[in-house]
Amino acid sequence: MQSTVSLQPQDDARQLFLPLLDSSPETTTAAAAVVDGGRGGGGGGGSFPKLVESSPSPPNGVAERESRHINKYVLAGAVLASTNSILLGYDIGVMSGAILYIKENMKITTEQQELLVGSLNVCSLIGALASGETSDRIGRRYTILIAAATFLIGAILMSFAPSFLFLVAGRVVAGIGVGFSLMIAPVYVAELSPAFSRGLLTSLPEIFISAGILLGYISNYAFSGLSETVNWRFMLGISAIPAVIVALGVSAMPESPRWLAIRGREIEAKRILIKISESKEEAELRFTEITRSVSASCKWRGNESVWKELLLNPSPSVRRILIAAVGINFFMQASGNDAVVYYSPEVFREAGIHDNKQLVGVTVVIGIAKMGFVLISAFFLDRFGRRPLLLLGSTGMACSLAGLGLGSKYLEYSDEKPKWAIGLCVVAVCAALSFFSIGLGPITWVYSSEIFPSRLRAQGSSLAVSVNRLVSGLVAMTFLSISSKISFGGMFFGLAGIMAAAAAFFYHFLPETKGKSLEEIETLFDDDGLH
């Protein structure tokens, strides 16, 4: 007979499950008996005890949405996981200035400059592809640790590089760590977050990327006064600090309850859900939704491999999800955002600003603007939704890049370099990066991490991020070469056209996911779910 526990309304229901917060074998066994309603800890899919007999279970998503307070454990885990993303942002920002001094110190060519900048992005493809399988096998937390440790090694190699080839080797290693972090951080945060705050929390990686870019710009400015033989080494070396912080903090992070449920570790999943939920109802609902989703996924596909289901034999809904996830990641990097950040000093030098310190100073202003707008987007993402901000950002980028192309073309044919045209280029770069921070920047990570079903999320996100990194590397490694053939103005007009195509793609292929649980989102891409 199932026991029924009577609690006063004012009691904290989570106190009943206090033993679940203890990880010792004795308390875990005892807690399992309570959680499974006296049936012991065996078997998958045990339910929470019925605490209030007269209160029916709320419909899907209701309990979660009624809570409007971000749990401190969820917030801490999201912040710590997203700290890894500072590594990519810092590299993007710092290389825009460090490359000026590396070029003078090592006497490298334009082609070597492109190889040095783009190698990290291309090699991050390796980490992104490996991260899906790795996180499915060893868990989300330890994959975050691998990302931080790999980047730490790369940062040390870059800082002490005695030659150009050694420096490239360091960027290859760091790139693998970046690939791991770009996939795992949004997936981990999405699986940990409740629906009402998932947009804000899953956009934290982009916030930290923007913060890293700003810190990279500030680092460039701070160390620019040192000798060119050591200043770039300091700029690259201090990127090891956030990697160490993440590595030390992993032990305090909760594991993803969805990953635990997929691995059949339901007692641990329940314990984590109690810790990261604000009420008994919310924890009960989230556990029920997760186990139902996992059970349905396994029943539908059986033992079919994830890669076969994604690529060789996808269902219509999975095919639509793939198109949406790969498409948004492709356009994120085809926008040229990373290349504009990497090579903004070269763009401004072409526009008429020649002093290295002034070039670095302008980039600091750009970093502040980018950081401000990504914060605005993050805080309004769960209020206005993904689609409106994505469409605003992409159309704004198209207009800004067209303005940048116009200003660059005018300066190309002008001998006097008027200040208004230089100002137009600076404002247009700031506007393009700001619109990116409103739309594609944060929303790409949010959207591609939340639309895949639980069983496919890690490796589906891995595939999407791999496309992201491949396109980023190709753009970074060809930006200067193509611009030398068609001019910076022609390049920016081309990028403006790409962003116009992106806006049309987003309008037709990306449904709104605001306010829905991960399990509810799975139905959006069914025939009945698309509008």
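1. **Ground rules.** Residues are numbered from 1 along each chain as its sequence is written. In this predicted model, local features need pLDDT of at least 70, side-chain atom pairs count only at pLDDT 80 or more, totals for chains, interfaces and linings use all residues, and side-chain values use heavy atoms, leaving out hydrogens and water.

2. **Confidence.** The protein averages a pLDDT (the predictor's confidence in each residue, from 0 to 100) of 79. A score of at least 70 is reached by 84% of the residues. Helices here are DSSP runs of H or I, at least four residues, numbered from the N terminus. Among the elements, helix α16 (residues 316-334) has the highest mean pLDDT, 93. Helix α1 (residues 25-35) has the lowest, 40.

3. Over residues 1-67, pLDDT stays under 50. The model has 98 contacts (heavy atoms within 4.5 Å) beyond four places in sequence for residues 1-67.

4. **The lining of the largest cavity.** By class, this lining has seven nonpolar, two polar and four charged residues. Charged means Asp, Glu, Lys and Arg; nonpolar means Ala, Val, Leu, Ile, Met, Phe, Trp, Tyr, Cys and Pro; the others, Gly among them, are polar. Helix α9 gives the most to the lining, with three residues.

5. **Ser135.** This residue lies in helix α5 (residues 110-138). Leaving out residues up to four places away in sequence, Ser135 touches Arg140, Thr143, Met183, Ile184, Trp259 and Ala458.

Terms used
Helix = DSSP H or I, 4+ residues; strand = E, 2+ residues; numbered from the N terminus.
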